[in-house]
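Below is a short briefing on one protein structure. Please look over the sequence and the model before reading the points.

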Amino acid sequence: MHRYPQGDTQRLAEARVGDVVVAQDGTLGQVERVIRSEAHAPAYLVVKAGRRARRRYPIVPWSFVTKVDRSGRRVHVRGRRGRLGHLSEALPLVI
């Protein structure tokens, strides 16, 4: 068991680069990178969202992840696409 942000202990499968990120109202994008904490637990997901001309790379906190479907290569997150797509693209100073 890993200790995840906000003190929650969760047993979630690991997200992988290329997994599809699914918001509550549809597909947000694909995992571009998994940012880990010093304890090597996932802390953030960098998501490649939007079309080529308007592509963004919002940083989604791991605490938003509700389910990881390894066989379907999907990561389900809490929130709507519009809100998640406008999260900051800057990494936090401390992980």
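Predicted model: local features only at pLDDT ≥ 70, side-chain atom pairs only at ≥ 80, totals over all residues.

Residues are numbered from 1 along each chain as its sequence is written, and side-chain values use heavy atoms, with hydrogens and water left out.

- D19 sits in the loop between strand 2 (9-10) and strand 3 (20-23); strands (E, at least two residues) and helices (H or I, at least four) are DSSP runs numbered from the N terminus.
- With a relative accessibility of 1%, D19 counts as buried (buried is under 20% relative accessible area, exposed over 50%, partly exposed in between, with a 1.4 Å probe and protein chains only).
- Leaving out residues up to four places away in sequence, D19 touches G29, Q30, V31, R73 and V75, where contact means heavy atoms within 4.5 Å.

**Salt bridges**

- The whole structure has five salt bridges, each being a side-chain nitrogen of Lys or Arg within 4 Å of a carboxyl oxygen of Asp or Glu.
- R16, D19 and R73 are linked in a network of salt bridges.
- Between D19 and R16 the closest N and O atoms are 3.9 Å apart, and between R73 and D19 they are 2.7 Å apart.
- R73 lies in the loop between strand 7 (65-69) and strand 8 (74-77), so its pair with D19 ties together parts that are 54 residues apart in sequence.
- R16 is partly exposed at 25%, and R73 is partly exposed at 33%.
- R81 forms a salt bridge with D25, with closest N and O atoms 3.7 Å apart.
- R81 lies in helix 1 and D25 in the loop between strand 3 and strand 4, so this pair ties together parts that are 56 residues apart in sequence.

**The largest pocket**

- The largest pocket has a volume of about 280 Å³, a volume being the space filled by probe spheres set on grid points, which are joined across faces, edges and corners.
- On a 1 Å grid over the protein atoms alone, a pocket is an open set of points where a 1.4 Å probe fits, with protein on both sides within 12 Å along at least five of seven lines; lining residues have an atom within 4 Å of a point.
- Its lining includes T27, L28, R51, R81 and H86.
- Helix 1 gives the largest share of the lining, three residues.
- R51 is exposed, with a relative accessibility of 72%.
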